[in-house]
Amino acid sequence: MIRTLRILAANPLSLLGLTLVILITLAAIFAPWIAPFPTHNGAVVDFLNNNRPPSSHNWMGTDLVGRDIFSRILFAYQISLTLGVVVLAIAVPIGTMIGLLAGYIGGWLEMVLMRIVDVFLSIPPLVLAIAMMGVLEPTLTNAMLAVTAMWWPWYARLVYSIARGEREEGYVLAAEVIGAGAGHIAFREILPNCLPAIITKMTLDMGFVIIIASSLSFLGLGVQPPTADLGSMVAEGARYLPDSWWLTVFPGLAILVAVFGFNLLGDGLRDVLGVDE
Amino acid sequence: MSLLHIKDLRLGFKTLAGQVDVLHGIDLDIAAGEKIALVGESGSGKSVTARIVLGLLQETRTARINGTVQFDGQDINSMSARDRATLRGTEMSIIFQDPTSSLNPMFTIGNQFTEVLRRRDPKLSKADSHVRATTLLDEVAIPDPARVLRAYPFQLSGGMNQRVMIAMALANKPKLLLADEPGTALDVSVQAQTLTLMRDMVVQNGTSVLFISHNLGVVREFADRIYVIYRGNIVEDGPTDALFANPQHAYTRALMSAVPRITGVGIPEVPEVSDDFLAPRISHGDAL
Amino acid sequence: MTLLALNGLTKTFETPTGPVHAVSDVSLNVQAGECLAIVGESGSGKTTIANMILGILAATSGEIAFDRQTLSAKRSAKQRRRIQLVQQNPLTSLNPKRSIGASVRLGLDVYDIGKKSGRWTAVEAALDAVGLPGNMRTRAPASLSGGQRQRVSIARALACDPRLLVLDEPTSALDVLVQARVLLLLNDLRAKHGLTYIFITHDLAVVRNVADRVAVFQSGQLVELGETSQIFSAPKAAYTRQLIGAVPVVDAAELNLRNKLAEGV
């Protein structure tokens, strides 16, 4: 772990990624304490102060009802990161399990599972999420559900392809000859060899989950106002471009910085963990 | 004057933990037409020595090379990368351990021959190259060369690919052939045939050979002189017959006694490592 | 007594270009306590036979009997236990993501050998028995040399308490000094634990010094079977003589012997 961090830090790009991710995470965790206007996350109005450009009072300006955009972005990061973590915490184990069993056990199980995976993968991700949200109520929980549903197949496919390769390796043969069961071989022998790829993909995916979630809320299908959310903030301010540019640009940059940070970190991890796809 | 003259060659690699020294001052000479074997176990430095001679390691950023490596009077270490590249494939060539994986799977044998022959003669036409390649394949006793030229490496056996490699390596009549554990990936009988063929061809062409191996038995039947390398140092050298008749260095003796004999004398107790192996170099002098 | 009996063992692979007869009607007995060498070049069928004995490949026809009990590829863990394997490639035969101790421990866990609380100690003893310090058990395979890894493979196989060990080119990937030490270790262990070895190799010089009997295979067929001393003094089959003739030799005595035996090839 320490060695991984040291090697990451040696590469300027991945160091930048790591720094950004750490900053964003800290911002999200400590938002209630570091935000200049912590109450602005909720239903607060200040029409005397609304639609103001960036100033020393409001570093990123205020929105249409007078709330401080910088504070709202910090709280919005909470939503984005929570969504990313929860989605991955559910999608990754499910996808991994399915891919692992399909890859190692093979036979009809492999056929059935991978065809199910193919069905999910054949639906454009955003379309699937939008369809689900059309049926369900637009809440954070349901948004997470929708994104999870479209995310797990990618992990199934990744782990499946690695497991299929690893099952031909000498150490798997050795375990089979010793008499170890399929469960042991899949989870204690093969799975550890899939972890570097899974971890790398998870890091890269954080950025993508944030974008998908922002897209959903941009379309009004995600978190509802007055909760601060990067996508809906961009949506609200979009029609006021280019005059009240700060309404869109800052939340947009916030998305960009988050995605950029996770991507750089993921690329760096890929080099360190020696993963090739 | 030697064709290849290596004097006090030192190699180190710069790593995060400091410099790791791999070669500690190698001296080695190959005269024109001589067949030299460099014998050692894994980690001895024999393969990196070959790479330095070929000019491949000089471009690695982390490599620190000192000492003299002179090929045909020219200093390899101080040449430009481009000049070194010009020598490869023309004056110097190499054959590797696993013939099938050393040939490009995407191109036919014929295409690969054309590529090789064009190193010497860039304007060579495909037709001419086909003719030359056919002659070369005949020389390595490949029946039906036309079929082989049309084939891809994976369609041919290991033994066939090894002969193709030998033919390609000698196609441009190089002065020095490097062979890195040739034939170890092949069956014993095929290996024996291939090495006999290689020996005949180099003798016929007057090519010098640097034969790298860990197999003393194979080397005994091939080389004129042998250098034994241990952990980056030459520990013993001499004409083949003299060395085998009277090995003197503790490491050489350990190697020789550890090789299993078909006379069935058993496996002796030899140490894997020993301080005696670090004893200074013993030289048997020149052959008659 | 006969520990392993092969009777009319055959394996045919159906390929797009037609059937491949990898193993044809092989019958031989392996005696308890002996070291039987299986010798052949590529395509001889030696690996296929090993895979059938180990139960990872089903035979097309014929019978395998271990300790007088017929075995098929579908065998229980209990049946697997007594026949273990040491592979050729020391690097790929160990899980790179598990410590060598964890790899050695596998057999102990699968067969519930000894008390759980004492298993790490047993692992250390197993490593010690193959000449590795017990405290190495936390190391990763990548940090070990080829010879050390092969010793770990041997320890892992022995942890199951087997009776028959199939050794598939166990020293072919090792340097000559390391090979000598590992061969000596294998000899010791066989004597100490009363093991039976099936030693698969292409290296006749090794065979001469470790095997009691030799079975020579060519294109899936058993060409010659005999005591080692007899094979290397009066080989009957032309193929055997051809193989001997191709062995690289190191001293004059060997050269004489080789020339004598390979005469007429």
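Please keep in mind that the model is predicted.

I will start with the chains. Chains A and B do not touch, and their nearest C-alpha atoms lie 10 Å apart.

What does the contact between B and C consist of? On one side there are 29 residues of chain B, and on the other 31 residues of chain C. On the chain B side, the elements giving two or more residues are three helices: H8 (188-205), H9 (216-220) and H11 (250-258). Sorted by class, that side of chain B has 14 nonpolar, eight polar and seven charged residues.

Now the domains, beginning with chain B. The domain assignment puts 1-91 and 176-288 of chain B in domain 1, and 97-173 in domain 2. Taken over C-alpha atoms, the centres of these two domains of chain B are 27 Å apart. Where they meet, 17 residues of domain 1 of chain B are in contact with 17 residues of domain 2 of chain B. Which elements supply the domain 1 side? Strand S7 (176-180) and helix H8 of chain B each give at least two residues to it. H8(B) provides the largest share, six residues. You will remember H8 of chain B from the side that touches chain C. The classes on this domain 1 side of chain B are eight nonpolar, seven polar and two charged residues.

Chain C is also assigned two domains: domain 1 covers 1-82, 162-176 and 189-228, while domain 2 covers 90-161. The C-alpha centres of the two domains of chain C are 25 Å apart. How many residues of chain C are in contact here? Eight residues of domain 1 of chain C meet 10 residues of domain 2 of chain C. On the domain 1 side of chain C, seven residues are nonpolar, one is charged and none is polar.

Last, some strands in chain C. Strand S1 (residues 2-15) runs antiparallel to strand S2 (residues 18-31) in chain C, and 10 bridges join them. These two strands of chain C form a hairpin, with two residues between them. As an example of a bridge, Phe13(C) is partnered by Val20(C) in S2(C). S1(C) also pairs with strand S4 (residues 61-66) of chain C, in the antiparallel sense and over five bridges. There, Leu4(C) stands opposite Phe66(C) of S4(C).

Key: Residues are numbered from 1 along each chain as its sequence is written. Chains are lettered from A and ligands numbered from 1 in the order in which they are written. This is a predicted model: local features need pLDDT of at least 70, side-chain atom pairs count only at pLDDT 80 or more; totals for chains, interfaces and linings use all residues. Domain bounds come from an automatic or database domain assignment. Two residues are in contact if their C-beta atoms, placed from the backbone, lie within 7 Å. Ala, Val, Leu, Ile, Met, Phe, Trp, Tyr, Cys and Pro count as nonpolar, Asp, Glu, Lys and Arg as charged, and the others, Gly among them, as polar. Helices (H or I, at least four residues) and strands (E, at least two) are DSSP runs, numbered from the N terminus. Two strands pair if DSSP finds at least two bridges between them.
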